[in-house]
Amino acid sequence: MSERGAMNEPDWLTLIYSPFWVFVAVAGADGKMDAKEVDALHAVLEGAEAGGSQLLSDVLAACAEDPEAAFDAFRTDGRTVDDGLAQVRQVLDRELGEDRALDFKRGLLSLGVHFAQASGGGMLGFGSKVSPEERSSLALLVGFLGLPAEELPSSF
């Protein structure tokens with residue numbers, strides 16, 4: 001059963017693009033997106049499961065119906081990552097109750113952490129998989145979504 005409800009099309013599209021904005025912000029933070037990060041995006045869309053947020057699961061499922069078309073539409077949208085994520089927060093805060101909005105935001109942060117951990121690592125795979133640039137992007141994501149700073153994982 002869809003959680004979309006009576007959400008208008010522009011707001012729905014803003015939410016549809018949210019996983020892509022998170023992906024671009026985090027995976028592109030170090031100036032390159034590698035195959036493991038792209039694979040992580042595909043795995044998220046194929047799984048279409050977003051923890052405790054049914055609405056985010058619905059968003060991922062909608063993207064998974066035709067991922068290439070969803071990404072192409074996202075690319076032609078024209079909003080920057082910063083503007084897009086700020087608008088995601090506005091839609092969530094306006095359209096959802098506090099608990100549902102928080103679940104969706106936490107789900108997006110979880111996606112960001114997943115993308116950050118998809119590749120990287122030190123010599124021979126030891127060390128953190130999350131680069132300093134990715135950590136900074138995750139911190140910005142927390143801010144854009146209006147999550148408390150303690151929501152950001154402290155260890156990577």
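**View 1. The salt bridge between Glu 151 and Arg 106.** In this predicted model, the side chains of Glu 151 and Arg 106 come together in a salt bridge, with an N to O distance of 2.9 Å. Because Glu 151 belongs to the segment after helix 7 (132-145) whereas Arg 106 belongs to helix 6, the pair ties together parts that are 45 residues apart in sequence. Glu 151, at 22% relative accessibility, counts as partly exposed, and Arg 106, at 38%, likewise counts as partly exposed.

**View 2. The salt bridge between Lys 105 and Asp 93.** Here the side chains of Lys 105 and Asp 93 meet in a salt bridge at 2.6 Å, N to O. Lys 105 lies in helix 6 (residues 98-116) and Asp 93 in helix 5, so this pair joins parts that are 12 residues apart in sequence. The lysine of the pair, Lys 105, has 7% relative accessibility and therefore counts as buried, the limit for that class being under 20%.

View 3. The side chains of Asp 30 and Lys 32 form a salt bridge of 3.4 Å, N to O. Asp 30 counts as partly exposed at 26% relative accessibility, while Lys 32 counts as exposed at 53%. Gly 31 is located in the loop between helix 1 (9-27) and helix 2, and Gly 31 is exposed, with a relative accessible area of 68%. Although Gly 31 and Glu 133 are 102 residues apart along the chain, their C-alpha atoms are separated by 9.0 Å.

**View 4. The network of Asp 11, Arg 94 and Glu 95.** Salt bridges link Asp 11, Arg 94 and Glu 95 in a network. For the structure as a whole, the count of salt bridges comes to eight.

**View 5. The crossing of helix 3 and helix 6.** The axes of helix 3 (residues 54-65) and helix 6 come within 8 Å of each other and cross at roughly 50°. This angle makes helix 3 oblique to helix 6. On the side of helix 3 the contact is made by Leu 55, Leu 56, Val 59 and Leu 60, and on the side of helix 6 by Arg 100, Phe 104, Gly 107, Leu 108 and Leu 111.

**View 6. An aromatic cluster.** One aromatic cluster is formed by Tyr 17, Phe 20, Trp 21, Phe 71 and Phe 74. A search of the whole structure finds seven aromatic pairs.

**View 7. The chain as context for the close-ups.** The protein chain has seven helices and zero strands, and its elements, taken from the N terminus on, run α-α-α-α-α-α-α. Of its 156 residues, 39% count as buried, and among the contacts with a separation of 6 or more, 72% are accounted for by residues 24 or more positions apart. The average pLDDT of the chain is 88, and 88% of the residues score at least 70. Among the elements, helix 2 (residues 35-47) has the lowest mean pLDDT, 88, whereas helix 5 (residues 81-95) has the highest, 96.

Methods: Residues numbered from 1 in each chain as written. Predicted model: local features only at pLDDT ≥ 70, side-chain atom pairs only at ≥ 80, totals over all residues. Heavy atoms only, no water. Phe/Tyr/Trp six-rings, centres within 6.5 Å; stacked < 30°, edge-to-face > 60°. pLDDT = per-residue confidence, 0-100. Helix = DSSP H or I, 4+ residues; strand = E, 2+ residues; numbered from the N terminus. Salt bridge = Lys/Arg side-chain N within 4 Å of Asp/Glu carboxyl O. Buried < 20%, exposed > 50% of the residue type's maximum accessible area, 1.4 Å probe, protein only. Axes fitted to C-alpha atoms, helices over the stretch in contact; angles between N-to-C directions. Parallel < 35°, antiparallel > 145°, perpendicular 65-115°, else oblique. Contact = heavy atoms within 4.5 Å.
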